[in-house]
Amino acid sequence: MRKSLQDRLVFWGFLIPTLFAFVMVIIIPFVLGIYYSFTNWKGAAGAAINFIGLANYRAVLHDTRFFYSFSLTAAYALVAMAVINLVAFGLALLVTQELKLRNLYRTGFFLPNMVGGLVLGYIWQFIYNAALPELGKALGASFLSRSMLAAPRSAFFAMIMVSSWQYAGYIMMIYVAALQGVPQDLLEAAAIDGAGWWQRLRHITLPMIAPAFTVSSFFTLVNSFKMFDTNVSLTNGAPITEFMGESVFSTELLALNIYKTAYSFNDTAQGQAKAIIFFVVLVTISLIQVFLNKRREVEM
Amino acid sequence: MRSKNLTRLAATVMALALLAGCGGGSTSGGSGGEQAGQQGTKEIVLYNLKVEIDQALKSVAADFEKEKGIKVTVKSCGGSCDYNTQLKAEMESGREPDIFVIEGPGGLEVWKHKVADLSNEPWIQNVNPDLLGLKLDGKVVGFPVAIEGYGLMYNKDILDKAGVDPNSIKTYADLENAFKTIDAKKDELGLDAVVSYTLKETWVPGNHTFNIYLAARDNPDEFTDDFLAGKVDVTQDPIAKDFAKLLKLIIDYSDKDNLEVIDYNAQVVAFGTGKTAFLHQGNWVYPNLKDLQVSFDMGFIPFALNDSEYAAKIPVGVPSYYVVNKDSANIDAAKEFLNYIALTERGHKYMIEEASMIPAFNNVTLEPEDPLAKSIMKYNEEGRTLTWQFTKYTGDSFGQEVIAPIIAQYAKDGDMDKFLSSVNEAAKEYGSKK
């Protein structure tokens, strides 16, 4: 009896601080956010707030820029997810081989993930806008002479490159852990039976590490959807492109669009409405993906 | 058992730390007075918009503290910092600034419940009434930080070599000829482009360039109010066509392919290192040019959009005002600091020599060494100034988020009719939201 009381004390003792923080910084702001999305709140402290029903949500439906950002973000997240996972898996295969300096490679590939997104964006902005064009001039390569950030399509891929560079190392570590968990006896048995490298990869390794694919693709998809910091520092939306007859910022992802609605247009409540829509979509996608991936996994 | 006790201890410490953290935040919040009382000296916080005057402001604040015993903490926001956003964060931070910056009527709309009446302050006597633009219910609430002007800044050396006289440029035809003459000698003069312009820094096209359209006419105030209310048919406005032509001229003679990647630094460096003959910026670039150790003389030519009298004028205005927080515990100390800047020699030295600003006050006898400030003062004396209409919409980012993209699209396709109708629709939509 005494022991269980003690256990319970320890349980709550550990739980309460975390729970308190979680409620204060996640739950309460979230509930307040839902409330604000039905008001005309402008974000300035002390000003009056009126309830205006669904007007913010209706306005979002007619917002071309939001629609553009939404489609762009979906495309961006899909491409980024594919590229990051491919690169990460490739790197993981590489650094699990018998290589000299293999730990150095692992560290090196992981390192970009330690750099903050904002800093990283500014560094890459310099590379794209100054370093590469100079290199192009020196080599006489005309395709390098114009910054990749100057045209909408190349700016999109410039962003994909930066986020792959940033995240591939991190995802690689997940794959490395998974690859090391593949039983050697299975692989050896297959090799004795005459299976080649590709066949072993295709029929043993890949099914065995399916859970890692679930985790990684979930992680990269959601992360790419929420991409904000590098977006702000790398392009801040530029360059301009035309969409449905309106001039829009061609690389303005959803999070940046929400931020600008709230803080540039001073329409905090409408930004909040967009954020709620964003949240619902994000949760739906995540649930679908987890469900689909779970079915593919091999039970040991 | 020992380990159990340890875990319990750890949990308690964590819980306490967390509570202490929150508690601490709320006691210091919103009570600058209490804090000051404990320390024995008054402290005011000034939230500054212009990072380039940060050092100068801190130095005058230090002298003010020595003289009056009031500590002034200067916080600066600048470069890529978004002031309107950061100000909201500062206001929510629990230690509201006592003096902060409002950029114009648009910003006042957001913060009107926070500003104190300044209409009985001594410095008011020394300001031209035109420059006391920040008023609430007829009462002055804004202290003009400085006056500033912008235009097409020229490099005198390059213009001399090309045989162009900057003082003769007063109409669109003059401007076009000057651009053509210089463009023809580009290689000889070592230029990359004639004009250093940017579309990446959206405030340049959206606020500064677009202001020419709103201000270069009779009754600009009335027109701008109508325009922002969506009551103007832009497509039928002859001045809109003149403006579109001028815009195209500037874009065509700049580094057209890279306008959306050239940032403020790249823009200023290109001009400062003699790679362009003109720079579309204002006198605030002088400290940056000084860092580049420029040796050439410079000044401004107007954005000559047609051949009216307005084509020969440059926009001069008050870019930002200090306002005093009505809810501040040290409201008198804050007012005293503003008087110190406006009325003492130390304050004048700060404005003219240390911050390279052009004071809005007529009691200042110091002469600036900055050629750009001199050029603006000359335009001011001759009455060749346009008003700053864009401050009416900076609070909602209409220029940066709506007009700038339309200008960037126009830079790509050069379709004037589409440009005019896009501006027209944008203004109608903006008007409908008000």
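Q: What is the handedness of the crossing of H7(B) and H11(B)?
A: Two packed helices are described by the angle between their axes and the distance between the axes. A crossing is left-handed if the near helix is turned anticlockwise from the far one by less than a right angle, and right-handed if clockwise. In this predicted model, H7(B) and H11(B) cross in the left-handed sense. Local features here need pLDDT of at least 70, and side-chain atom pairs pLDDT 80 or more, while totals for chains, interfaces and linings use all residues. Residues are numbered from 1 along each chain, chains are lettered from A, and side-chain values use heavy atoms, without hydrogens or water.

Q: At what angle do the axes of H7(B) and H11(B) cross?
A: Roughly 10 degrees, with the axes coming within 11 Å. Angles under 35 degrees count as roughly parallel, so H7(B) and H11(B) are roughly parallel to each other.

Q: Which residues of H7(B) and H11(B) make the contact?
A: Contact means heavy atoms within 4.5 Å. Tyr172(B), Leu175(B), Glu176(B) and Phe179(B) of H7(B) meet Lys245(B), Leu246(B), Leu249(B) and Ile250(B) of H11(B).

Q: How many residues are in the largest nonpolar core?
A: A nonpolar core joins buried (under 20% relative accessible area, 1.4 Å probe, protein chains only) Ala, Val, Leu, Ile, Met, Phe, Trp, Tyr and Cys residues through side-chain atoms within 4.5 Å. The largest one has 148 residues, and Trp123(B) is one of those touching the most other members. Helix H11 (residues 238-252) of chain B gives this core its largest share, nine residues.

Methods:
Buried means under 20% relative accessible area, exposed over 50%, partly exposed in between (1.4 Å probe, protein chains only). Helices (H or I, at least four residues) and strands (E, at least two) are DSSP runs, numbered from the N terminus. Axes are lines fitted to C-alpha atoms, for helices over the stretch in contact, and angles run from 0 to 180 degrees between N-to-C directions. Angles under 35 degrees count as roughly parallel, over 145 as roughly antiparallel, 65 to 115 as roughly perpendicular and the rest as oblique.
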